[in-house]
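Keep the structure open while reading.

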Amino acid sequence: MAQTLEQPGAAEQIRKARVTPSRALHNILHRLPALSPLVVLILAAVAFGLANGRFYRPENLSIVLQQAAVVGSLAVGQTLIILTAGIDLSIGAVMVLASLIMAKLVSSHTVPGPVALLIGIVGALIAGTLNGFLVTRVKLPPFIVTLGTLSIFTAVTLIYAQGQTISLPAGTFITWTGATLSFGAFHLTIGVVLMLLLYVVFAYALRQTAWGRHLYATGNDAEASRLAGIRTNRVLISAYVVAGGVVGIAAWILVGRINGADPNAGINANLESITAVVIGGTSLFGGRGAVVGSLIGALIVQVFDNGLALAGVDPNYQVLAVGILVIAAVAADQWIRSVKS
Amino acid sequence: MTEPVLSARGLVKTFGHVVGLSGVDLDLYAGEVLAIIGDNGAGKSTLIKCLSGAMTPDSGTVLVEGREVVFRNTQDARAAGIETVYQTLAVAPALDIASNLFLAREQRRPGVLGTVFRMLDTGAMRKQAKQHIDELGITTLQNINQAVETLSGGQRQAVAVARAAAFGGKVVILDEPTAALGVRETGQVLKLVRDLRTRGLGIILISHNMPNVFEVADRIHIQRLGGVAGVITPQSHTPAEAVAIMTGAMTLEQPVRPDR
């Protein structure tokens with residue numbers, strides 16, 4: 001064993017580690033998980049702009065943003081869950097339920113808008129807490145829990161709605177998120193601004209606070225995090241509860257967008273939010289990704305939708321393109337996770 | 001003789017009808033490496049879990065510097081200055097070295113940024129992480145921001161040991177630190193263990209690897225069937241004798257005291 005004493009120390013080992021191009025790319029993608037979706041977004045924008053110059057018009061770009069607002073907000077909540085290596089299939093159903101609560105309280109019970117908003121958000125928080133409780137305390141897999149609660153929340157929504165769609169006048173508090181803010185030729189809605197605020201807040205919380213770091217660590221390796229002293233169950237349940245709050249805000253944005261509530265409005269929102277997160281470079285295996293990627297992911301979907309329509313292409317190709325992007329994003333993630341020294 | 005930094009008296013732990021520990025005594029002194037060896041099921045893991053707070057013994061006492069302590073969880077043991085490096089390493093692979101060193105012990109910015117906005121003091125943590133690693137002789141670590149998963153097994157182990165050393169005020173417990181490593185990496189980890197000893201920490205090393213144990217340990221605590229079969233030193237016994245004691249082929253009358 002005497003020979004091992006003369007072996008170079010860990011320091012030399014680390015110094016010797018060569019940086020190959022593939023390793024360098026891996027390091028960059030690792031540090032900036034939103035980089036590859038950003039490149040896709042830019043390439044798509046350039047291509048669609050060349051196909052039809054109207055794509056770049058501020059009015060058109062404003063529409064893209066407005067269309068991305070609801071799924072983009074929802075994707076913030078979905079990102080939190082997926083970072084913990086979970087998944088939330090019920091997130092869209094919770095949003096529709098919360099939007100219905102808000103709209104119905106205002107329209108049929110004449111509850112003041114702010115109170116209705118608060119009750120709707122509390123409803124979404126309770127739904128998120130239920131998911132989190134089942135995942136952390138009853139120890140059920142997130143996929144199964146939220147598959148179940150998806151049905152439950154959808155049923156509650158349909159029972160509560162009694163087949164009705166609720167229309168509300170624009171310009172009230174509860175539909176304020178649909179109000180337009182004009183910056184020159186750009187017409188954003190309050191909903192778009194709220195969505196962007198959500199991204200700012202959560203980009204900060206995930207990167208700059210211990211809570212965010214613990215969320216990443218728990219999603220990355222729950223057992224290791226627990227042994228390192230992180231209270232992982234607390235972190236997990238907090239992700240579901242906070243996601244519930246985000247969904248409540250997404251519901252408000254939805255109410256403003258459609259000026260009311262429709263039990264069938266967010267039927268695809270579950271999967272669309274997952275699509276945005278995955279295209280945005282967040283790993284379905286947890287612990288990797290950046291919330292801003294989900295914004296880029298949501299924008300990519302809308303840009304394809306809008307750009308292909310402007311280019312006069314059959315809109316079904318958008319569905320095809322999104323499918324390819326999802327697979328490409330997951331393949332890229334596999335590569336990022338597989339490269340080892 | 002100085003007081004043991006960590007000792008256990010009459011630790012008993014049962015799992016239903018299975019006896020994990022049947023009244024185990026242990027003494028660890030500052031500045032020594034105490035190896036714990038034993039066959040599978042001899043109670044090594046149960047013993048260190050009781051010492052690291054991962055498990056609570058049914059009876060018996062744990063003393064830190066002569067004071068009786070009760071560890072309800074690993075945080076309690078940490079607060080008492082006992083750090084454990086688990087066999088699984090307990091590092092988050094996607095996080096960088098600095099983040100892993102400070103995992104679950106993050107420091108916040110001073111002032112309003114830290115108290116109201118809960119902002120992490122990333123700069124200070126990186127600086128300190130680099131200091132700790134330099135102190136341990138892992139100098140010229142080029143990139144403290146490197147993700148742990150891009151490191152080799154030995155380097156990861158170094159990160160886990162560095163974390164334990166940086167915060168372990170008194171005792172570092174290492175559970176099979178070389179089990180998954182090659183010869184070269186094993187050498188690096190054993191060097192770290194010696195460095196920690198030089199710094200005056202008490203080290204408990206659980207290992208199956210007799211050459212490693214005899215190379216680095218000051219004393220060897222042998223577990224057998226939930227009890228202590230004896231405490232020997234690398235000078236007093238040969239590896240073959242240690243294995244014989246471990247398997248019950250030989251018995252030992254007198255525990256050996258450290259001669260320091």
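**Reading the labels**

Q: What makes strands 2-1-4-5 of chain B a sheet, and how are they paired?
A: Two strands pair if DSSP finds at least two bridges between them. Four strands of chain B form an open sheet in the order 2-1-4-5, with antiparallel pairing. Strands (E, at least two residues) and helices (H or I, at least four) are DSSP runs, numbered from the N terminus.

Q: What makes strand 2 and strand 5 of chain B edge strands?
A: Strand 2 (18-28) and strand 5 (67-69) each pair on one side only. Neighbouring strands of this sheet are turned by 30° against each other on average, direction ignored.

This is a predicted model: local features need pLDDT of at least 70, side-chain atom pairs count only at pLDDT 80 or more, and totals for chains, interfaces and linings use all residues. Residues are numbered from 1 along each chain as its sequence is written, while chains are lettered from A and ligands numbered from 1 in the order in which they are written.

Q: How confident is the predictor in chain B?
A: pLDDT is the predictor's confidence in each residue, from 0 to 100. Chain B has a mean of 85, and 94% of its residues reach 70 or more. For the complex, the predictor gives an ipTM of 0.77 and a pTM of 0.84.

Q: How do you know that strand 4 and strand 5 of chain B pair?
A: Three bridges join strand 4 (residues 59-64) of chain B to strand 5 of chain B, and the two run antiparallel. The cut-off is at least two bridges, so they pair. Val64(B) stands opposite Arg67(B) in strand 5.

Q: Why is Glu65(B) called partly exposed?
A: A residue is buried if 20 or more other C-beta atoms, placed from the backbone, lie within 10 Å of its own, exposed if 12 or fewer, and partly exposed in between. Glu65(B) has 15 such neighbours, so it counts as partly exposed. Glu65(B) is found in the loop between strand 4 and strand 5 of chain B.

Q: Is Ala104(B) buried or exposed?
A: Ala104(B) has 21 other C-beta atoms within 10 Å, so it is buried. Its place is in the loop between helix 3 (97-101) and helix 4 (112-115) of chain B. Ala104(B) also has a positive phi, about 70°.

Q: Why does Ile159(A) count as exposed?
A: Ile159(A) has 10 C-beta neighbours inside 10 Å, so it counts as exposed. Ile159(A) is in helix 8 (residues 142-161) of chain A.

Q: What secondary structure does chain A have?
A: Chain A comes to 15 helices and four strands.

Q: Why is chain A called as compact as a globular protein of its length?
A: Its radius of gyration, taken over C-alpha atoms, is 22 Å. Of its 341 residues, 51% count as buried.

Conventions
Axes fitted to C-alpha atoms, helices over the stretch in contact; angles between N-to-C directions. Rg over C-alpha atoms; globule rule 2.2 N^0.38 Å.
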